[in-house]
Amino acid sequence: MRSRPSPWRARYQQRFAAPQTVVVQPTTWCNLDCQYCYLPFRKLTHHMPLEVAETLAQAVAQFDDNGQPIGIVWHGGEPLAVGQQKFAALLAPFDALRRAGRIHHYVQTNATLITETWCDLLAAYDVRVGVSIDGPAALNAERVDLRGKPAFDRILGGIAHLREQGIPFSVISVVGTLGIAMPEELLEFLSSLGGHSVGFNIEEIEGVNTDRQPPTAVQAEEFWRRTLTWTRAHPGAPAVREVERLAEYLQLIRSGRRTEWDERRLDPIPTVSWKGDVVLLSPELADTAAPEYGDFLAGNILDRPLHEILRNAHRLRYVRDFLTGLDRCQSACEFFDFCRGAQAANRFFENGDLTTTETNYCRVSRQALVTALSTLATKEAAA
């Protein structure tokens, strides 16, 4: 007699697609000590053994080829801190997949270590670069090195190398209580850097960053309203990630293609640590002590194949709790149609429980964006 399928498996498959992104931690160590950083082990020097990269490349090769390349995102500590020789060795096992168009490499970096020879390596492997910088010097002041010295000039130096060598890059900016009141200055500066897109991460309570006061929803709505106004006035400026996502949603709805949006499922975002441990749902959950959730560990790729870890994701308590939280969001939140209710890490770090719903992240990064657009539209209609 054939056994009945697990209801949890069905619920998981309804919400989640096959991975389109794999986050990889080549090292725990970072050469900066940003005051808002959430990473607990950024001062420890652990580098990924080549065996982990080789095993992961073999696992990714077994993913179904649906015509969309999988993003291999090399993300902190500071990925470039492993050095050029080691980074090239970690990229090498994926090269057949890259040449076949099965994967794209991405790296999120503070740019302080980028040199001309680093640019040569990034270009050789077609690595898409994201640079973390929070704005002009005054807004970037919390990005300091291990001696407490500002990293601003070194970040600009790395960006200059990228521009000189013709390496495209995007920018991600952490927006704190100072920057939230200065969107125009922030946008003007970030646009001047020469990147193709800008993303704003409004400061969050997560990881070991728990004692600071993040921006409020009122501040965030004003920030997004002024950001929307600025982007409309500067059509040639780099795309703003959050604005583009909202615009895509509205375009699909208005053009009668709602089904395309509704059918999109979440990415489980497997995150592979330097030693092969796998965490699902949010990279920020990696290295988090949470006995009630088994420290969010789903397995280790040196012990279990990644496809098996993913196939059994619905068995994990924290995944089940998150699915429950998603159901509750969908039934209660008017913003769910746009937001889709992700951000597992924020639920845990803010509320201590993945079955919960609204977080400050929701309020400042999703809800405030929508209400800002609504406010602008209302004012324009009344004018």
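1. Let me start with the second largest pocket, which has a volume of about 370 Å³. A pocket here is an open set of points on a 1 Å grid over the protein atoms alone, where a 1.4 Å probe fits, with protein on both sides within 12 Å along at least five of seven lines. The volume is the space filled by probe spheres set on the points, with grid points joined across faces, edges and corners. Keep in mind that this is a predicted model: local features need pLDDT of at least 70 and side-chain atom pairs pLDDT 80 or more, while totals for chains, interfaces and linings use all residues. Residues are numbered from 1 along each chain as its sequence is written, and side-chain values use heavy atoms, leaving out hydrogens and water.

2. Who lines that pocket? α9 (241–254) is one of the elements that supply at least two residues, along with α8 (217–233), β7 and α15 (360–382); α9 gives the most, seven residues. Helices (H or I, at least four residues) and strands (E, at least two) are DSSP runs, numbered from the N terminus. By class the lining has 13 nonpolar, three polar and three charged residues, where Ala, Val, Leu, Ile, Met, Phe, Trp, Tyr, Cys and Pro count as nonpolar, Asp, Glu, Lys and Arg as charged, and the others, Gly among them, as polar.

3. β7 (residues 239–240) also pairs with β6, in the parallel sense over two bridges, with S197 opposite A239. Pairing takes at least two DSSP bridges between the strands.

4. On to β5 (169–175) and β6 (197–202): they pair in the parallel sense over five bridges, and V171 has V198 as its bridge partner in β6. The chain gets from β5 to β6 through helix α7 (183–192), a right-handed β-α-β crossover; right-handed means the path over the helix runs clockwise with the strands pointing away from the viewer.

5. Now the rings. There are 18 aromatic pairs, counting Phe, Tyr and Trp (six-membered ring) with centres within 6.5 Å; planes under 30 degrees apart are stacked, over 60 edge-to-face, the rest tilted. F16 and F322 form a tilted pair, 6.3 Å centre to centre with 45 degrees between the planes. F16 sits in the loop between α1 (7–15) and β1 (21–24) and F322 in helix α12 (317–332), so the pair ties together parts 306 residues apart in sequence.

Conventions
On a 1 Å grid over the protein atoms alone, a cavity is a set of points where a 1.4 Å probe fits but cannot get out, and a pocket is an open set with protein on both sides within 12 Å along at least five of seven lines; lining residues have an atom within 4 Å of a point.
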